[in-house]
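Dear colleague,

Please find the structure we spoke of below, followed by notes on what was found in it.

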Amino acid sequence: MAVQETRLALRNMGKIDPMSIDDYIAQGGYEALAKARQMDRDELISEVENASKLRGRGGAGFNTGFKWSGAKASEGDQKFIVCNADEGEPGTFKDRVILENDPHTVLEGMLIAAYAVGATEAIVYCRGEYEHQIALLRHAVEQAEEHGLTGDVHMHVFSGAGSYVCGEETALLNSIEGQRAEPRLKPPYPTVAGAFGKPTVVNNVETFANVPVIVGKGAAWYAGIGAAEYPGTKVFSISGDVKNPGCYEVATDASLNDVIELAGGVTEGHKIKAVQLGGSSCGYIKGSELDQSVDFDSLRRNGKSLGSGAVLVLNETHNLVDQVQQIVHFLGHESCGKCTPCREGLCQAGVILDRFAAGKGTQADLDMLQALHDLMATDCFCALGQGALTAFVSAYEIFPEDFRERMVN
Amino acid sequence: MSGTMQSSCDQGVLDRALERQRDHGWVTEDDVCAIADETGMPPSKVYETLSFYSMIHLAKPVTVKVQVCRGTSCYTRGGMNLLHEIERLCGCAVGETSPDGTYQVDYVECIGHCETAPNIIVNGVLYQAVTPDQLPGILKEATR
Amino acid sequence: MANVHVTIDDRALEVPEGSTILEAARQNDIHIPTLCYLKELDPRASFRMCIVEVEGARTFMPSCATKVREGMVVHTNTDAVRAKRKLTLELIMAHHPVDCHHCLRIGNTKEQDLDLWFCEMCFFCDCVRDGICELQALNREYHVDQLPFTIEGDRYEEDCSLGSVTRNPDKCIKCRRCVDVCNDIQTVHNLAYIGRGRQARVASALDKPMAESPCVRCGRCVDVCPTGAVYMQEHIDDMLDDAHAYGTHTVGMVSSSILPDLEKLCHLESGSLDIHRVIAGLVKEGVDCVVSEEQVIGENQALAEDLIEQADGVAIISNSFAVKNFVHEYFADIEDKVSFYPSVQQTFTDLAKRKLAAEFGWDADSVKTVVFTAGNENGAEAHELGSADFSMNAREVYRTFKRTGVDLGRIKPTDALKQTRDVARTFGAATAPVAFNFEKAPETMRIAGKKVAIAHNLGQCRALLEGVKEGTNEFDVIRLCA
């Protein structure tokens, strides 16, 4: 039985003109906002936090309502809602697809959050490369303002300018403030002192896109979809060696096989060697082990991670050394340069992996990569460094022959 | 801080820089100082911030990239003479960018047009059997 | 404040709530190595030398920035922690110029090679921080020896454009103490951390040479640099040449401000070094006569006293070279309200060339003046204005002693040349030498019915000058120091 898509975040995809707020309203848009504004704030937060159990779709899987209640409880003359649209994870493009099809659902989700926590400032921070989507967002903000939907909330769209580490929420906040996008020390957490030192909720695009659905159809309805502890849907960005790469939204109790099948399966005449699920900082899953649920917790129990929902399918022609080499160079380029293990460790790991790529790896090199991973996983300042060599460790564990093939002798 | 905050809250430093970059291709020193004035940040801090982001150019982008083939055939047929002449005309050594940022001179590995050596590539356009006296014309053409 | 109970390295401790693991450890004599940490600055927690294992935590924690919690169990010195600290150092050393680390005078063993005492005898090395470098000390502590990486030094150009404050980015370990002092404490806003990843580096404003930057030459970046990445241009050889040359008469002035640093450099107990031993050392290495700052200061303070008395309204006085540059850079519109008078260094040089030369029957042109002081701005002033022929900080003094075989631990004290001139000093407390601090608020006092403010850093100067500019100043006398 083939699994069907369940479109919540992408519910309006193809049905509306993203430039038209009237189209969005005709599909029931902004009704949830009106409904939310009739609700008691604590009740609204409790719906999201306890009843819907909505969890962050950016990668950390943190309970969304919990962030909201934290920000609501924090003291501050001004509070911020920030939408993390800095989608920089290689192989991930779901936020782009949501934004370019339905920018208003994100704005509506943000406005509901703003009402819930009492925020007057709402900022969408979108990666600079998404110029078209930024223009769409700005247009949508104008329309929402014209329609009197924003109330006392000032909405702004901030552009990034090419930095992967901005996806880390405190780095993103620094970027909004006009600083280098370096992660901050935590605590204090953003819900206590975030943008400009004020209580701030940072949520992902997809998370906000789910909020109007939850408020509109009720948290109980939402909680009935997908896995029990990670309910709802997840939008997967599927790329690599599949027939129909693209975004597919499925209930969270689907299996990884289902997701790949939705994308038409592996390209003709090949078989799947491995899938990298979650993005560059995540490990590989063997082609023979794809029959597992994609919900956050069961993956974690299996030592995998859902991450951003990127699914990179690799057929048997790939040697994972090349994959790992690319990833390490990418992360080295994106390292903020703050902490020593990440800045210097990625540089040395890159040198070593270049040797492997040239077929000149040694056992000492493998040991050093492992030592660098051990160092970086515990000592790095943020998740970028901590997970930078996870792909290596996973690739070497599953496909040691790929590395042996590239060693001297 | 609060005065600064209101203005930065309306428009980010990055947006201000990107706007200027769209206008004239890069962020000049004057732009940095203007952004500093607008946001109340010190110029050194604005520069620090902008230098972090890969989409922002704090130096004038190279307008003409000259690549000289260093394959054996081109080398044999006077590629190095061409290179020296190009270095003189562009005002910079191989691997470098001219002081005004207009020219960048580099090698390219054999491009497989050995029968017409020596070859050079200027902004992606292949020029074959090039003689030194053709160079001023080729370079002038590329700056248009 | 309440106390919390923590266990550090199997020791049950009771420490104040809100302290960091590092503070808790240091209060109890537990050693945790640090590199970027400077207690007066906000922790950046970037070098990752002070990481420790906290039971139950997913990762290791930077002890400088992690607050203690009730019941916390910390291990600061496990094998894993030590191995990771060592690897972090090795990663840094893979790109660090090794003109100190790889000694040409090979000892019997590598250990001996790196041994503090052995190493300090040698002057083949070029690094100004050799022997007093925080990175070098950690490399010794962690036995960083053979590096498991391809060693490749960075290749940045040294910025000597100022002739005084010099930056060598190759030796930078990116702790950013200099950036923080320049921006947060001194509010000069020159140094910045630009670029990212491996290419990230400290640069002066807009990545221009120091000479074209807003640098005011306070030299505080030099004071905080743990390695040889920012330093004062040295004049050891020239000074010693003059000291030993026939026909040249070198006259020195020693400020007691160099004593704490010298004690540290010479491994002497804090407070044990008598300035008269330093004077004896300087005489031994060939300086013809030496006075102490105390004997010149009266003359200088008299100048300040006059300015305060003559002032119409608020008296804003300064004898600091860096303050002068700072005011010119940031407060040009009220520059004329600040009364500048000569630095102590200038006063000393005037005295030496005029009075001492006549007294000893020397030709004034044959007199060279050398000032030994902790203030780096004096070095810059000497270079740019010629207010002394040489101005040396504690490190340079230490290195001249090493070079000439002076051992401060053994030398007998000598009296300085007496030059005391008694001057009635009402505002003595406001005109005396001022030591730099990291505080945000200036020191205030009341003298002879007047409200006096003394700025101990440029951030405090900025606050006071802004008060003057905006008309909110409440002080009668303001002394500005950098």
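**Notes on chain B**

Chain B has seven helices and four strands, where helices (H or I, at least four residues) and strands (E, at least two) are DSSP runs numbered from the N terminus. This is a predicted model, in which local features need pLDDT of at least 70 and side-chain atom pairs count only at pLDDT 80 or more, while totals for chains, interfaces and linings use all residues. Residues are numbered from 1 along each chain as its sequence is written, and chains are lettered from A and ligands numbered from 1 in the order in which they are written.

Along the sequence, the elements of chain B follow the pattern α-α-α-α-β-α-α-β-β-β-α. The four strands of chain B form an open sheet with mixed pairing, in the order β2-β1-β3-β4, two strands being paired if DSSP finds at least two bridges between them. Its edge strands are β2 (103-108) and β4 (125-127) of chain B, each pairing on one side only. Strand β3 (residues 120-122) of chain B runs antiparallel to β4(B) and is joined to it by three bridges, with B:I121 opposite B:L126.

Helix α6 (residues 79-90) of chain B lies across β1 (64-69), β2 and β3 of chain B, at about 160° to β1(B); axes are lines fitted to C-alpha atoms, for helices over the stretch in contact (C-beta atoms, placed from the backbone, within 7 Å), and angles run from 0 to 180 degrees between N-to-C directions. Helix α7 (residues 135-143) of chain B lies across β1, β3 and β4 of chain B, at about 145° to β1(B).

With kind regards

Note on methods:
Two residues are in contact if their C-beta atoms, placed from the backbone, lie within 7 Å.
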